[in-house]
Amino acid sequence: MDKRQSKLFDSKRLLALAGAAVLHSSAAFGSELASDPDVAGGLWLAEQWLSAQMSYDGVPGASFALVHDQETVWKKGFGYARVKGKVPATPDTRYSVCSVSKLFTGIGVMQLRDAGKLSLDAPIEDLLPWYALPAHEEQEEPVTLRAILSHVAGLPREAVSPYWSDVDFPDRRTLQEGTAEQTALYRPYERFQYSNLGLSLAGEAIAAASGEDFHDYIRGNILTPLEMNSTTSELPTKLYGKEFAVGYEMRDESGKRTEIAPYTVNAVAPAAGFASSANDLARFASWQFRLLENGGEEVLKATTLREMERTHWVEPDLDGATWGLGFALSKVGSEYWVGHGGYCPGYRTAFLTRPQDKLAIVAMVNINDVSPSLLARNILTLTQAPLLAAATRDSDEVTDETAAKEVKDFSAYQGVYGRPNTVYRFATAATSEGLREIPVFADNLKDRSVDLKPEGNHVFRRLSRKGEELHTVRFEVDENGRAVRRWEHGQYADRLD
C-alpha cells in the first residue's frame with residue numbers, strides 16, 4: 001500500500017472523495033493520432049487516473065493539453081473554473097501561469113538583442129540608469145541580462161517588498177527605487193539563485209530598449225503574431241470567475257476551499273504576471289517545434305530559440321538547477337525536457353516540451369497544494385511511448401500481410417474495476433494487443449502499468465515487465481458481452497463505471 005492508499009482511509013479524505021464536485025470534461029479525443037488504439041488507451045487511462053486524483057485532492061479545476069508537433073492530440077478540462085455557479089474548466093480557461101511568464105520576457109529580450117537594441121553582456125545599469133543595487137563586495141564582473149536570464153546574476157530572489165506574503169505587488173517606482181535598499185547575494189556566476197527581481201528587471205530592459213510599454217511590446221511582438229489571444233501579460237481580473245479561473249486556498253479543517261481575492265502582479269509581471277490557457281500554451285509549443293524544424297525566423301530566429309534552450313548553467317555536480325536563457329531544463333525519467341513551471345497564490349502550471357520528439361504537455365490547476373508537474377509526468381508515462389510510435393509509423397510501409405491482419409477489439413473489457421469505498425480500484429484500457437491496467441489511486445504511475453495478453457474466452461495472461469507470461473485474469477461478461485466483473489487470484493472486482 002503506497003502513501004496515497006494509506007491516506008485514503010482518513011475519514012475526512014473519504015468524505016472529500018464522496019462529496020467531490022462532478023468532473024467536467026471537454027474536447028478530449030479530437031485528433032488523428034488520438035484515434036490510434038494504443039494512444040487512445042493511454043489517454044483513457046490518463047483520464048481515469050486524473051479523475052481519481054482530482055476528486056481525492058479536492059481540486060476545483062484543472063486543464064490539460066498534450067501536443068505533438070502541430071497537432072493538439074488531447075485537451076481536456078476537469079471540474080470548475082469557479083465552483084460557485086459551476087463555471088466549467090475547459091482547455092480555453094485562463095489561469096495565472098506565474099513564472100511561465102519568464103519565457104515570454106526572455107523571448108522579448110532576445111528579439112531586441114537580435115535587433116541590435118540591447119546587449120546581453122552590457123552592465124544592466126547601461127540600460128537602466130536608475131538601477132542602484134550595490135555590487136557584491138567581491139564582484140568581478142557586472143550584472144548582465146545574460147546572467148539574469150540564467151538566474152546566476154547573484155541578485156536577491158525578490159524585489160524590495162513582501163508581496164508573496166501580503167499578495168500586494170509593487171508598482172514600478174517601488175521596484176526601481178527599492179534596488180538601492182537591497183543587497184547582492186552572490187557574485188555573478190558564483191551560484192544559481194532564482195530571481196523574480198532579475199526577470200522583472202529584464203522586463204524593464206525591454207521597455208527601455210524598445211521605447212514601448214512592456215505590455216504593449218509583448219502583445220505586439222509575441223502574443224498577437226502567435227495568435228495567443230487568450231494570453232495576457234497581466235492577470236485579467238475583469239474575467240475573474242468566468243474565462244479566468246478563480247484561485248483557491250488550501251482546504252481548511254472542514255475540507256472547504258476558500259476563494260482567493262483577485263489580484264494583479266504590477267511591476268513583477270515580467271517575472272510572474274501572465275495568464276494563459278492550455279490551448280494557448282499548446283500553440284506556444286507548436287510554434288517552437290515549427291520554428292526549430294523550418295529554421296529562419298518567425299517571431300524569433302530559430303538559431304536564437306536553440307540558443308535559449310541550450311544549457312547555459314548547470315550545478316557543478318550536475319545534481320541541481322540546469323538553465324538555458326529563460327528556459328529551465330528538467331529531467332523526466334532519463335530525458336531532458338525544456339520549459340518552465342509556475343506557482344502563484346491560487347494557481348500552478350507546468351509547461352514541458354521535448355523538442356527532439358516534438359512533444360509537449362501543459363497542466364494547469366487553480367490551487368497550490370497539487371503539483372501539475374507530477375500530473376504531467378504521469379500523463380506522459382501513459383501516453384508518450386504509444387504517441388511517438390504512432391507519430392513515426394510510416395503508412396507506406398504497410399504490407400499486404402499487415403493490412404490483412406485481423407484487428408481485434410477489446411473495448412468490451414475497458415472500464416474501472418474495484419470495490420466501493422476501498423483503494424482496490426484500477427482502470428483497464430483496451431489496446432491493439434490486449435489490455436493495459438493502472439491503479440487509479442497510485443501517487444506515481446512509473447512502473448505501475450500492467451499489460452494483459454488475451455488467451456480467449458474472456459481470459460487474459462498478465463505479463464511481467466520482461467514480457468514473461470504470469471498468472472491469468474478472467475472477466476465475467478453480461479448478455480451483451482460487456483465485462484462486469486474481473487477475477488484475479490481468486491478475488492473479484494466489480495465494474496464501477
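Analyst: Start with a term: buried means under 20% relative accessible area, exposed means over 50%, and partly exposed is in between, with a 1.4 Å probe and protein chains only. Another one: helices (H or I, at least four residues) and strands (E, at least two) are DSSP runs, numbered from the N terminus. This is a predicted model, where local features need pLDDT of at least 70, side-chain atom pairs count only at pLDDT 80 or more, and totals for chains, interfaces and linings use all residues. Residues are numbered from 1 along each chain as its sequence is written, and side-chain values use heavy atoms, with hydrogens and water left out.

User: Fine. Which residues of strand β14 are buried on each side?

Analyst: Strand β14 spans residues 415-418 and is covered on both faces. Gly-415 and Tyr-417 are buried on one side, Val-416 and Gly-418 on the other.

User: What does β14 pair with, and in which sense?

Analyst: Two strands count as paired if DSSP finds at least two bridges between them. β14 runs antiparallel to β15 (residues 425-430), with four bridges. Gly-415 sits opposite Thr-428 there. β14 also pairs with β21 (residues 491-495), again antiparallel, over two bridges. In that pairing Gly-418 faces Asp-494.

User: How many residues lie between the strands in the hairpin of β14 and β15?

Analyst: Six. Asn-421 in that hairpin has a positive phi near 60°.

User: Which other residues have a positive phi without being glycine?

Analyst: Background first: most residues other than glycine have a negative phi. Lys-86 is one with a positive value, near 50°. Lys-86 sits in the loop between β2 (71-82) and β3 (87-88). Its relative accessibility is 58%, so Lys-86 counts as exposed. Tyr-189 is another, with phi of about 70°. Tyr-189 belongs to the loop between α8 (172-178) and α9 (196-210). At 31% relative accessible area, Tyr-189 is partly exposed.

User: Switching topic. How many disulfides are there?

Analyst: One. The term covers a pair of cysteine sulfur atoms within 2.5 Å. Cys-98 and Cys-344 form it, with their sulfurs 2.0 Å apart.

User: Which parts does the pair tie together?

Analyst: Cys-98 is in strand β4 (residues 94-98) and Cys-344 in strand β11 (residues 335-344), so the link joins parts 246 residues apart in sequence. The S-S torsion is about 65°, so the disulfide is right-handed.

User: Are those cysteines buried or exposed?

Analyst: Both Cys-98 and Cys-344 are buried.

User: Now voids. How many cavities are there of 30 Å³ or more?

Analyst: The rule works on a 1 Å grid over the protein atoms alone: a cavity is a set of points where a 1.4 Å probe fits but cannot get out, and lining residues have an atom within 4 Å of a point. Grid points are joined across faces, edges and corners, and a volume is the space filled by probe spheres set on the points. The count is one cavity of 30 Å³ or more. The largest cavity has a volume of about 30 Å³.

User: What lines the largest cavity?

Analyst: Asp-38, Gly-41, Gly-42, Leu-45, Leu-382, Pro-386, Thr-431 and Arg-436. Helix α3 (37-57) and helix α14 (372-392) each supply at least two lining residues. α3 gives the most, four residues.

User: Last stop. What does Thr-353 touch?

Analyst: Contact means heavy atoms within 4.5 Å. Not counting residues up to four places away in sequence, Thr-353 touches Ala-285, Gln-288, Phe-289, Trp-337, Val-338, Leu-359 and Ala-360. Thr-353 lies in strand β12 (residues 347-354). Thr-353 is buried, at 1% relative accessibility.

User: And where is Glu-158?

Analyst: Glu-158 is in the loop between α6 and α7 (163-166). Glu-158 is buried too, with 15% relative accessible area. Leaving aside neighbours within four places in sequence, its contacts are Tyr-163, Trp-164, Gln-182, Asn-196 and Leu-197. Glu-158 and Gln-182 are 24 residues apart in sequence and 9.6 Å apart, C-alpha to C-alpha.

How values were computed. On a 1 Å grid over the protein atoms alone, a cavity is a set of points where a 1.4 Å probe fits but cannot get out, and a pocket is an open set with protein on both sides within 12 Å along at least five of seven lines; lining residues have an atom within 4 Å of a point.
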